[in-house]
Amino acid sequence: MDQAPATVTGLVGVGFKPTHLPAILSGSQAGPGLGFFEVHAENYMVPGGPFLAHLDALRRDHALSIHGVGLSIGGEGPLDGAHLQRLQSLLARFEPRWFSEHLAWSSHGGEYFNDLLPLPYHAGTLNRVCEHIDELQHRLRRQVLLENPSSYVEFVSSTFSEAEFLAAVVRRTGCGLLLDVNNAHVSAVNHGGDALAFINALPAQAVGEIHLAGHAVDQDAAGAPLLIDDHGSPVDEAVWALYRRAVARVGVVPTLIERDNNLPAFEVLRAEALAAGACMAEVLASEVCAA
Amino acid sequence: MNALADFADALRAVQPMLPTDLQAWNGSAVQTRFNVYRNNRMVSLVAALADGFPVVAQLVGQDFFAALARAFVQAHPPSSPVLVQWGDAFADFVHTFMAGLPPDAQLPYLADVARLERARVWAYHAADAVPLPAARLAAALQPPHDLPRLRFTLQPGLGVLASCHPVVTLWQAHQTDGDIHLPDGATLPGEAALVLRQGDGITSEVVVIPVPAACAHFVAGLQAGLPLADAVAAASQDTPLDLPAALGLLIQHQAFVDCTP
């Protein structure tokens, strides 16, 4: 699993952390490198300084994916115009290959909660989310990938399943999907659902990127497992298994390893990303054999 | 009450409370699940403050800092998803919070250490600006220019701090690993400092330069747009300003980006 075959080289990446920059730029890694790095948009909405220089340096040899965490697409109010303007400037300057955001909300009444919060899935929220994505794609003049969230509660007022809701958003706005396989697993376990059925219910051709990450295991008040999406450990075996099934369905898709806590050395994350590349190659090869 | 407003209120509430409209597939108590969101929000915001104010956190210890930060989150929650913009009010909040403690627990220097750390964050992310070429500066300082009327533009992220506490010494004492020797804040004189980013691109870094108080006042005057002579006069009211030394320091650290006669 150390080296990904050439067919999938360039399609795996890791979330960029500034502490990893020396290792990335030293070029010490042997064999095929990573194709792309992903950053959180909000960390780079600064006037100048080293952070922006980091992105300039990364872009020289790698594609860039910009991942928004603060637009509050699922929020009740209108999108924050100042934030849209910042996004537009950031994307104009760094020309990322992909831009993604979340099916979640994070601001309400002028306050930012710094978390990706859940929304009920019904006709009213579907209209609102679609209006927000229409506005976003119009402003950015590009397709946006929408990420499925991890969640810990469900709403009594929901009338759609999450997969039905996402499929409807894709149909109405033409946005793509960022399939977070860890989130699919976390939410399925947390709500007694079936992660594979969730993935199979999404429009496969809309999936433009996949996220893989680790989670923590806790318990709810009844002692049932409650998985916490903390990006603090290697990708779980159950998530790898689900990833293979997902790739078999959606095909070869740029895949990212996310890690935000208990950060290991760059080489460790790179090896995880290359393992994802090897997974894709295996799935491809088995399909070729079957055909 | 609609679902999201209700959810937001319950996130903000000091005591755990539960929004309406939530359920769990297995009928388990939803509060346990909702608390994951309450915890995510508070822990991540406290961590963001600890990232921006690491020396304040070291000075008071992790538990006290967490309590201080939680109180700040309640009083001044972020309004923007760009979290680096959040924290300007922290130093004043620290001042008020600490003043409410018994006298021997007040750490009177803590708010100014917070100001120094906030200045470092601003300097780190400030707009990039090309330093004024030495030849242009030298020409501006020669006749026929009217030297007293010269106005200078300084690096955008340049921070100026003048404290009646030894903030630079305190801050520097926490920049090395290992045993920290804490100076006795009450017995040391006040200190002033300039805070600015040095170098280009990915290797640039923020430096804290201790300066005499008169120099800090002089630089603050230039930043406010005062002509050279007025900035010198304003800075020389308490202690004399060593003007050649002050100009030399600003030139050495490439702090000037423009000057206009």
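**Reading the contacts**

Tutor: The contact takes 44 residues from chain A and 42 residues from chain B. Please bear in mind that this is a predicted model.

Student: Which elements of chain A give two or more residues to the side that touches chain B?

Tutor: They are α2 (50-61), β5 (105-108), β6 (111-117), β8 (154-155) and β12 (225-228) of chain A. The largest share, six residues, comes from β6(A).

Student: How do the residues on that side of chain A divide into nonpolar, polar and charged?

Tutor: On the side of chain A that touches chain B, 23 residues are nonpolar, 15 are polar and six are charged.

Student: Which strand of chain B is joined to β8(A), and how many bridges join them?

Tutor: Strand β1 (residues 22-23) of chain B runs antiparallel to β8(A), and two bridges join them. Within this pairing, L22(B) in β1(B) has F155(A) opposite.

Student: Let us turn to helices. What describes two packed helices?

Tutor: One gives the angle between their axes and the distance between the axes. Here, helix α6 (residues 181-190) and helix α8 (residues 237-250), both of chain A, have axes that come within 9 Å and cross at roughly 115 degrees. The crossing of α6(A) with α8(A) is right-handed.

Student: Which residues meet where α6(A) and α8(A) are in contact?

Tutor: From α6(A), V181(A), N182(A), A184(A) and H185(A) meet A238(A), V239(A), L242(A), Y243(A) and A246(A) of α8(A). Seven residues of this contact are nonpolar, two are polar and none is charged.

Key
Residues are numbered from 1 along each chain as its sequence is written. Chains are lettered from A and ligands numbered from 1 in the order in which they are written. This is a predicted model: local features need pLDDT of at least 70, side-chain atom pairs count only at pLDDT 80 or more; totals for chains, interfaces and linings use all residues. Two residues are in contact if their C-beta atoms, placed from the backbone, lie within 7 Å. Helices (H or I, at least four residues) and strands (E, at least two) are DSSP runs, numbered from the N terminus. Ala, Val, Leu, Ile, Met, Phe, Trp, Tyr, Cys and Pro count as nonpolar, Asp, Glu, Lys and Arg as charged, and the others, Gly among them, as polar. Two strands pair if DSSP finds at least two bridges between them. Axes are lines fitted to C-alpha atoms, for helices over the stretch in contact, and angles run from 0 to 180 degrees between N-to-C directions. A crossing is left-handed if the near helix is turned anticlockwise from the far one by less than a right angle, and right-handed if clockwise.
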